[in-house]
Each structure stands twice: as structure tokens, then as C-alpha cells.
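Here is a short briefing on strand pairing and ring contacts. Please look over the sequence and the fold before reading on.

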Amino acid sequence: MASSIVELSGHIIDSLILPKVLDLIINLGGDFELLEVTVGHRRKDRSHARILVEAPSEEILSRVLGKIKEHGALPVEDGAEPARLEPAPADGVFPDDFYGTTNLPTLVLVKGQWLEVRPEEMDCAIRVDSERMRAETVPIHRVRKGDSVVVGHRGVRVLPIERRVSREPFEFMSSPVSTEQPKGLLIREIAESMQNVRREKGKILVVAGPSLVHTGASQYLVELIEKDYVQILFAGNGLAVHDIEAALYGTSLGVYLDKKIRASEGHEHHLWAINQIRKVGGIRQAVEQGLLKQGIFYTCVKKGVDFLLAGSIRDDGPLPDVITDTLIAQDRMREMVRGVGLALMVATTLHAIATGNLLPASVKTVCVDINPSVVTKLSDRGTFQAVGLVTDVEPFLRELCQYLN
């Protein structure tokens with residue numbers, strides 16, 4: 001029987017971290033014994049626990065320790081042993097048994113010093129510069145031969161996100177997907193969170209899909225941009241194309257948005273829109289030359305909102321502004337999400353999951369979609385801080401604007 005003693009400290013009771021850790025141990029094939037539990041007497045007091053973790057084999061024990069470490073359960077013997085470093089064998093290749101990061105705050109022990117790993121991003125490795133005493137996350141395509149990479153779990157400490165002692169807006173849901181709770185209350189608290197982020201000079205990131213235009217909801221996103229509630233916009237070719245189609249021809253997917261009837265030759269309108277933008281060189285040029293006079297991206301240009309369009313295999317055109325190389329798009333998104341205080345993901349699956357993979361767990365994340373599986377997928381892929389609202393995008397954005405007003 002393999003065993004190890006782990007320690008937990010902090011607000012592990014009211015944040016439900018202790019029961020999560022015990023549940024993980026059992027579900028992964030291990031067993032536990034509570035050696036010591038000290039519970040704080042007041043809400044601001046920290047609690048402490050020592051747990052004996054047992055497993056049938058070293059392999060299972062290693063798997064258990066790796067998962068519970070994500071919640072801050074650190075083996076006692078790890079506290080004094082430095083992280084093990086091995087060189088990357090080739091460009092774009094991690095050494096075997098490399099440590100896979102989460103989106104939680106992480107520390108790594110190097111030369112007797114705990115280094116903060118920056119930025120916080122899941123599904124990366126940890127690259128260490130021992131001379132400059134720096135540790136950073138690195139995606140696999142950016143590692144270079146000879147880079148020092150952390151392998152194994154020794155000397156790595158993960159700090160769980162604890163529930164705040166004082167109640168704040170955005171603590172409205174106990175489950176990641178809300179289908180039955182009062183939507184008005186939830187939307188109001190999302191609005192309060194957005195106001196708090198802007199009051200503290202933080203950035204709000206919106207990730208949006210083309211159904212905003214199809215449903216007539218783009219006017220509300222324009223309103224959010226005009227009132228400085230959007231600093232960054234992520235989308236694909238589709239949102240920009242149909243937004244520009246609506247601005248130039250009054251249609252989306254060839255259907256007049258005001259009359260709800262199909263236009264003659266309307267199936268070509270999105271291609272006409274792409275052609276017009278390609279003719280002048282891009283979205284910003286279209287605004288500067290007076291071709292584009294309204295819509296989401298017109299307002300982004302006028303208000304100085306940074307936007308990034310990441311392409312996909314099914315894109316028509318695409319527009320000149322679309323980044324067609326996914327690795328380049330990922331790297332640019334990594335740079336842009338730094339400093340984001342709240343992410344609002346609206347009616348998009350792939351872009352929401354892609355963005356969630358880049359966000360630290362400390363970033364408040366809201367996902368709004370008519371399909372509850374979108375939020376479930378987001379959480380399943382590691383963005384556990386995401387909370388979701390299952391509703392149509394148009395009434396959500398309309399009501400959100402009303403609360404912000």
C-alpha cells in the first residue's frame with residue numbers, strides 16, 4: 001500500500017475544499033485518514049488539515065496526489081524538496097512526465113525559493129529560468145530545445161481559489177449552469193460585477209458568436225461598447241461578416257432584420273460584404289473611408305476597442321482582419337487577456353472554450369447560451385470558475401443594458 005501525508009490550509013471548510021479533496025481521493029481509487037483538523041472559530045479564521053492518503057499502488061497514489069494538488073493539498077515531503085527540472089528534448093516537445101498546469105495560482109520551488117508561475121494558464125508546462133529566478137507557463141508549441149521544464153509534482157504548490165469572506169456580486173450560483181433560477185436577479189448581479197470591474201479600471205472581455213446579429217441583439221452589444229463596458233472583443237469571421245452585412249445591406253444571412261423577410265439574392269449579401277471590406281483592405285479602413293457607418297465593429301473602431309477575429313476551416317472569405325493561423329491567434333489572445341477582470345461569453349461554443357483555456361481561475365467568467373451543454377463543456381474542460389445562464393441572447397443583452405443604465 002502506497003501512502004503520503006498531505007496538508008491543506010485556508011478557508012477549506014466554507015469553501016468546500018476539504019470535502020472536494022476527500023471525494024477526489026475516494027473516486028480516484030484511494031483511501032484517507034484524517035490525522036488532524038483544526039477549524040477556525042470565526043469566518044475570517046483559517047483552518048488546517050493533515051490527511052493520510054493511501055492507494056493500492058504508487059501509480060494510483062501519484063494520480064491522486066496530482067489531482068488533489070489542484071485544490072491545494074500539498075504532500076508534506078514536497079515542502080522541502082525542490083522542483084525537478086529536465087531540458088526539453090526538441091523544439092515543440094516537452095520532456096516525459098512534465099507537470100501539466102491548471103489555471104490556478106501556482107508556485108514552484110527553485111533553489112530554496114518559491115517562484116510564482118506567470119501567467120496562470122491551463123494545459124501548459126512550467127519553464128524555469130534558474131539564473132533569472134523566473135517561472136512561466138509555456139504552451140507546447142513555444143517550448144525550445146534545452147529549456148528547463150518542471151517534471152513530476154515535487155516542488156509544485158497550487159493555491160486554490162477560496163470563497164471570499166464578504167459577499168460580493170457574482171456569488172449568485174452554487175452550480176455552474178442555471179436554468180431555473182430567477183434570470184432577472186442573475187442578470188442584475190452580472191451587471192453589478194461589470195460595474196465593479198470598470199470602477200476598479202479593470203477590463204471586460206466579450207466573446208461573441210454570429211447569432212447576436214441573426215437575433216437582432218447586436219444593438220445591445222453596440223450599447224455596451226459605447227458605454228465602455230467592453231474593452232476587448234473576441235469572435236470569428238462569422239460575427240464580423242454578418243455585422244457588416246447588416247450594416248451595408250440591412251440583412252443577416254440574407255434576411256432583412258427589420259422586416260423579417262428574405263431579400264432577393266440575399267444569399268449573396270454576406271459575400272458582397274466580404275468583398276467590399278477586402279476591396280478597401282480591412283475593417284478599420286472601411287470605417288476610415290466612410291464605407292462602414294454602423295454596427296458592432298464600426299463602434300469598436302470608433303471607441304478604440306481591441307478586437308481579434310480567429311478563423312476556422314468553414315470561413316467564407318475570410319475578412320482581411322481574420323487570423324487564419326490558430327497558433328498565431330492563440331498567442332495574440334494570450335497577450336490580450338492579461339488584465340481582464342471579467343469575461344462575458346455570449347452565444348459561442350468554440351471561441352468560448354478556446355478563451356476559457358487561456359483565462360486564470362481568478363477571472364470572473366459568465367457564459368450565456370440557449371444550449372446548457374455549452375457551459376457544461378466549458379466547465380468540463382477546466383474553466384471551473386465559469387457560471388452559466390441558459391437563455392436567448394437577445395433578451396439577456398437587452399435586460400443587461402437596462403440594469404447597467
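Y249 is partly exposed, with a relative accessible area of 25%. The model is predicted.

- Y249 and W272 form an edge-to-face pair, with 5.6 Å between centres and 75 degrees between planes.
- Y249 belongs to helix α6 (residues 237–249) and W272 to helix α7 (residues 269–280), so their pair ties together parts 23 residues apart in sequence.
- A search of the whole structure finds three aromatic pairs.
- F94 and F98 make one of them: the ring centres are 4.7 Å apart and the planes stand at 50 degrees, so this pair is tilted.
- F94 counts as buried because its relative accessibility is 8%, under the 20% cut-off.
- F98, at 38% relative accessibility, counts as partly exposed.

**Charges over rings**
- R157 places its charged end over the ring of W114, 4.2 Å from the ring centre.
- K259 lies over the face of Y256, with 4.3 Å to the ring centre.

**Strand pairing**
- Strands β6 (residues 106–110) and β7 (residues 113–118) are antiparallel and pair over four bridges.
- V108 stands opposite L115 of β7.
- Two residues separate β6 from β7 in a hairpin, and K111 in the turn has a positive phi of about 55 degrees.
- β7 also runs parallel to β9 (residues 134–138), joined by two bridges.
- V117 has A135 in β9 as its bridge partner.

Terms used: Residues are numbered from 1 along each chain as its sequence is written. This is a predicted model: local features need pLDDT of at least 70, side-chain atom pairs count only at pLDDT 80 or more; totals for chains, interfaces and linings use all residues. Side-chain values use heavy atoms; hydrogens and water are left out. Two strands pair if DSSP finds at least two bridges between them. Rings of Phe, Tyr and Trp (its six-membered ring) pair if their centres lie within 6.5 Å; planes under 30 degrees apart count as stacked, over 60 as edge-to-face and the rest as tilted. Buried means under 20% relative accessible area, exposed over 50%, partly exposed in between (1.4 Å probe, protein chains only). A charge sits over a ring if NZ of Lys or CZ of Arg is within 6 Å of the ring centre and within 35 degrees of the ring normal.
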